[in-house]
Amino acid sequence: MLTWHHGWVRARTLTSIAVAAGAAAVGYASVIERNWFALRQQDVPVLPAGTDPLRVLHISDLHLTPGRHRLMAFVRSLAGLEPDLVVNTGDSIASTEAIGCLLESLGPLLDRPGVFVYGSNDLHSPKPKNPARYLWRTSSDEYTTRAPDLPWEKLGEEMAEAGWLDLNNKRGQLTINGLDIALAGVHDPHAGRDRYELVAGQPDQAAGLRVGVVHAPEPQVLDQFTADGYELLLAGHTHGGQLRVPGYGALVTNCGIDRARVRGLSMHPQVAREDGKTAWLHVSAGLGTSPWAPARFACRPEATLLTLVPRSAP
Ligand SMILES: [Fe+2]
């Protein structure tokens with residue numbers, strides 16, 4: 001009888017500890033880490049020899065709602081970096097009320113050269129769903145079957161009016177610090193809105209840098225950019241996995257990219273092409289989360305300052 005009683009007390013204690021640890025992890029992920037913003041810095045040797053460094057601020061996946069004051073304050077602080085170029089790879093808003101907050105947060109960054117593409121969540125308001133579903137499927141079908149209900153056109157108009165280049169199935173050209181940059185982007189392939197054929201073909205060979213921009217880093221889009229000669233590819237969407245297992249990494253990427261390249265800098269493709277063409281790929285882990293999955297674990301929200309340097313640099 002004594003043994004049975006001790007066993008029961010022990011099981012109850014272990015259950016209590018597990019419940020408390022789970023609650024602490026959820027609290028940490030949703031209250032602390034979700035608001036523990038990081039600025040990651042990375043050099044990318046992609047410029048012609050003899051070119052001055054170019055500082056590119058890559059932001060993505062803000063999923064902004066009016067209540068996210070800490071996120072807005074962090075984004076506001078990024079203007080202090082005075083980047084040469086800002087790249088926004090989409091999922092900027094998660095509410096019909098968020099555009100004003102976004103523009104206010106970007107503030108002086110809108111006065112700098114910038115480019116943007118949309119993510120599926122700029123068009124579709126967030127919906128509650130079981131986060132575990134990402135373990136066996138991506139969210140792509142949710143966007144191809146629903147009509148847009150967020151003011152994505154207004155969002156694009158505001159950024160374009162500020163002077164940022166709209167790269168949704170479009171090409172663009174910028175000259176920054178004397179460097180000619182050829183750019184192309186597609187609307188979000190995750191929502192089936194990419195039309196690569198509208199930007200296909202060789203970019204300007206006289207440009208010093210060729211940049212491809214897309215929200216979801218779907219390999220077939222990255223392949224097309226690389227085949228056409230784009231040397232730097234920028235994407236978001238993955239949230240770096242959002243909930244990562246320490247020592248293992250992301251459980252899912254929610255798109256076709258492999259887990260190892262779910263965030264950060266890598267090469268594309270990983271297996272060399274016959275023509276030797278290759279590109280640097282930077283996937284931002286993003287700054288926000290869906291309001292219905294407000295937690296990040298072992299995957300701090302981030303913006304990235306990429307310093308582009310000459311290829312010959314050590
Ligand atoms: Fe996102």
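Predicted model: local features only at pLDDT ≥ 70, side-chain atom pairs only at ≥ 80, totals over all residues.
Biologist: In what order do the six strands of the open sheet lie, and which are the edge strands?

Modeller: The order is β6-β7-β8-β9-β13-β12, with mixed pairing. The edge strands, β6 (170-176) and β12 (264-268), each pair on one side only. On average, neighbouring strands of this sheet are turned by 25° against each other, direction ignored.

Biologist: How many bridges join β12 to β13?

Modeller: Five bridges join β12 to β13 (residues 279-283), and the two strands run antiparallel. Within this pairing, His-268 has Ala-279 of β13 as its bridge partner.

Biologist: Which strands does helix α6 touch where it packs on the sheet?

Modeller: In a regular strand, side chains alternate between the two faces of the sheet. Here, helix α6 (residues 219-228) touches β7, β8, β9, β12 and β13. The direction of α6 makes about 65° with that of β12.

Biologist: Is strand β2 mostly covered or mostly uncovered?

Modeller: A residue counts as buried when its relative accessible area is under 20%. Five of the six residues of β2 (residues 54-59) are buried. β2 is joined by five bridges to β14 (residues 302-310), running antiparallel, and by four bridges to β3 (residues 85-88), running parallel. His-58 stands opposite Thr-304 in β14, while Ile-59 stands opposite Asn-88 in β3.

Biologist: Is Trp-136 buried or exposed?

Modeller: Trp-136 is exposed because its relative accessible area is 61%, and exposed means over 50%. Trp-136 lies in the loop between β4 (114-116) and α4 (140-144). Together with Leu-135, Val-245, Tyr-248 and Leu-251, Trp-136 makes a nonpolar surface patch of about 560 Å².

Definitions and conventions
Residues numbered from 1 in each chain as written. Heavy atoms only, no water. Patch = residues over 30% accessible without salt bridge, like charges linked within 9 Å, V, L, I, M, F, W, Y side chains within 5 Å. Areas by Shrake-Rupley, 256 points an atom, 1.4 Å probe, with all protein chains shown as cover. Salt bridge = Lys/Arg side-chain N within 4 Å of Asp/Glu carboxyl O. Buried < 20%, exposed > 50% of the residue type's maximum accessible area, 1.4 Å probe, protein only. Pairing = 2+ DSSP bridges. Axes fitted to C-alpha atoms, helices over the stretch in contact; angles between N-to-C directions. Contact = heavy atoms within 4.5 Å.
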